Amino acid sequence: MTRLLPILLAAVLLIGGGAYYMSQNSGSVPGVSIAEAQSADAEVEVELAPDMVLGDADAPVTVIEYASFTCPHCANFHETVFKELKKNYIDTGKIKFVLREVYFDRFGLWAGMIARCGGETRYFGLADKIYTDQKEWIGDGDPGQILNNLRKIGRTAGMTDEQLDACLQDEAMAQSMVAAYQQNATADEINATPSFVIDGTTYSNMSYDEFAKLIDEKLAE
């Protein structure tokens, strides 16, 4: 269980306003400290959303990625580095890969809710589609059109509009996702996306060659 500040949730939920600023964001991660959360007057306890994991649970190296679905650098990582990483290290049982979502804005949260709507077995396929089509589903930043575009992505995984709408209106799921982001990103001192925690050490974005060299070194330890 963790404590979630209602003001943080209000900042990213579909209810209320908020300007679209993905094109201006510099990759810095918003959030509050554990101390701030514990000292707040109005707090609610929520269950943390589970990690989304790909690969062998007993792999010798664990890689945790912190990424936002509205971050262009994250989309580029998944289009380039991640594909090679999956083929050479995840699928071969060398690393366990964990994707933890960061929420710059409500659109990133909506995308995460759509990805999780398909369950654990569909999550990474939907996440890949969300990153691949990032520019298209974001479009000009109109909230209504973004929701429609995300529903289209969800339908490619066989989900109905009714199922997708139920996920997007699931306040408990949204709270648990924001709570997990708040606690994990604070604990790992994440301040940019994409960032990676590899066997307990945090690293910034890197090329595939740099990633492979680092993992090979850890596998040799």
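**A tour of the aromatic pairs and the core**

Eight aromatic pairs turn up here, where rings of Phe, Tyr and Trp (its six-membered ring) pair if their centres lie within 6.5 Å, and planes under 30 degrees apart count as stacked, over 60 as edge-to-face and the rest as tilted. You are looking at a predicted model, in which local features need pLDDT of at least 70 and side-chain atom pairs count only at pLDDT 80 or more, while totals for chains, interfaces and linings use all residues. Residues are numbered from 1 along each chain as its sequence is written, and side-chain values use heavy atoms, with hydrogens and water left out.

Start by selecting Phe 77 and Phe 196: this pair is tilted, at 4.8 Å centre to centre with 50 degrees between the planes. Phe 77 sits in helix α3 (residues 72-79) and Phe 196 in strand β6 (residues 195-198), so the pair ties together parts 119 residues apart in sequence. (Helices, H or I of at least four residues, and strands, E of at least two, are DSSP runs numbered from the N terminus.) Both Phe 77 and Phe 196 are buried, meaning under 20% relative accessible area with a 1.4 Å probe, protein chains only.

Next, pick Phe 69. Setting aside neighbours within four places in sequence, Phe 69 is in contact with residues including Glu 101, Tyr 123 and Trp 137; contact means heavy atoms within 4.5 Å.

Finally, select Phe 107 and Trp 110, both buried. They are three residues apart in helix α5 (residues 106-117), separated by about one helical turn.

How values were computed
Buried means under 20% relative accessible area, exposed over 50%, partly exposed in between (1.4 Å probe, protein chains only).
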